[in-house]
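Subject: Structure handover

Hello,

Here is the structure for your files. My notes on what was found in it follow below.

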Amino acid sequence: MRLQDLSAALLELDASHRRRQRVSLESPQGVEIIIDGNEYLSFASNDYLGLADHPSLVRAVQQGVERWGVGSGAAHLLTGHSQAHQQAEEALARFVGREAALLFGSGYAANLAVITSLVGRGDAVFADRLNHASLNDGCLLSRADFQRFRHNDLDHLEQLLAGSSARTRLIAVDAVYSMDGDEAPLPELLALAERYDAWLYIDDAHGFGVLGQGRGSQAERDLSSERLIYMATLGKAAGLAGAFVAGSSLLVDWLVNRGRTYIFSTAQPPALAAAVSTSLRLIAEADDRRERLAQLVACCRRRLAGTAYSTGTSRTPIQPFIIGGDAHAMKLAQGLQQQGYWVPAIRPPTVPDNGARLRISLSALHDVQQLDTLLDRMLLLAES
Ligand SMILES: *Cc1c(COP(=O)(O)O)cnc(C)c1O
């Protein structure tokens, strides 16, 4: 894209209703947010447990800053790795029931590090078609043979595995798909990984904190294998920022040596790492919040079953209200905004063509009445 082409290209995005624009929150993240001086009921964050502005977590970070200062000042392999990071890694490994864990500045960085450090030229990576963009970018960057299988289609995956003569094979999936809220068949995927001598890498950005009493998708299915690599972000249900990878100590040692985004990036602020133990305690104690989420999910599914906007099979806080056309989805989102609801319209290329949708993200801080009213209005607007 040349400099002189930018403005025409942006206008084209405008014309096809695909121009992205940001809004600036004038409040902390939560279910009630303020934008341009107006208050909205938000169904738009990944703060599923409502921890992003939790007083105990705020205090933990404040105390962390007092103890550790603000910046880590260096990469982990220099002097950026503190006791706060070390203890957070140990706590995270224990929490998800794995031998070791490694902290990253973001989930995006973690995905790049894991994939590019395990597969390269001559290897193969097998990825679900609906995987998150950061997994896809890791696959591309690795230079391994990048093979995508139809969404949750185990037969297709097995065909690809059977036809591959690559030395190292890695299967990469989202545990919970970020735009549909449905889940990967983890036990069956692990069985295939065993049969074809592959790694199974699962990105649990949306399951951690929510599924398996908060310990995530892998813990919920009670999966354990040295070839299973677990990744979750700390910026969603955990209410913080950053991410971690958990697995065997050998794997973590390898990532410390070969994970480029780990090696060549400044360590996350130690105060955030210091707050991880508080976040884990809040997650462990959040059964009532997860119960509320379950009620909200049930309400969504009951209300939308039998309508043209069924949310599919999602039992997670991601409930898609699939509209189809971009313009229609945008119009609906704007109509809701005028009524004080913030529900994002998700358009291609984030979702497939003709798959534009309103993505309802539920939070444990919503109550069922609020959701019920939102759904009334959504259905009314969509039919009008
Ligand atoms: C959000 C997300 C990521 C990226 O995590 P960040 O910590 O926000 O960089 C990776 N994978 C999935 C499935 C996600 O939803």
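Contact here means heavy atoms within 4.5 Å. Helices are DSSP runs of H or I with at least four residues, numbered from the N terminus. This is a predicted model, in which local features need pLDDT of at least 70 and side-chain atom pairs count only at pLDDT 80 or more, while totals for chains, interfaces and linings use all residues. Residues are numbered from 1 along each chain as its sequence is written, and side-chain values use heavy atoms, with hydrogens and water left out.

Helix packing

On the H4 side (residues 83–96), Ala88, Ala91, Leu92 and Phe95 meet Val276, Leu280, Ile283 and Ala284 of H13. That contact has eight nonpolar residues, no polar and no charged ones (Ala, Val, Leu, Ile, Met, Phe, Trp, Tyr, Cys and Pro count as nonpolar, Asp, Glu, Lys and Arg as charged, the others, Gly among them, as polar).

Ligand site

Of the 13 residues around the ligand, Gly107, Tyr108, Asp203, His206 and Lys236 come nearest (near: a heavy atom within 4 Å). By class, this shell has two nonpolar, eight polar and three charged residues. Helix H5, residues 107–118, gives the most to the shell, with three residues.

For polar contacts with the ligand (pairs of N or O atoms within 3.5 Å), a backbone N or O atom of Gly107 is 2.7 Å from a ligand oxygen, and a polar backbone atom of Tyr108 is 3.0 Å from a ligand oxygen. A side-chain N or O atom of His132 lies 3.4 Å from a ligand nitrogen.

Regards

Notes. A polar contact is a pair of N or O atoms within 3.5 Å; within protein, one must be able to donate a hydrogen and the other to accept it, and residues adjacent in sequence count only if both atoms are side-chain atoms. Helices (H or I, at least four residues) and strands (E, at least two) are DSSP runs, numbered from the N terminus. Axes are lines fitted to C-alpha atoms, for helices over the stretch in contact, and angles run from 0 to 180 degrees between N-to-C directions.
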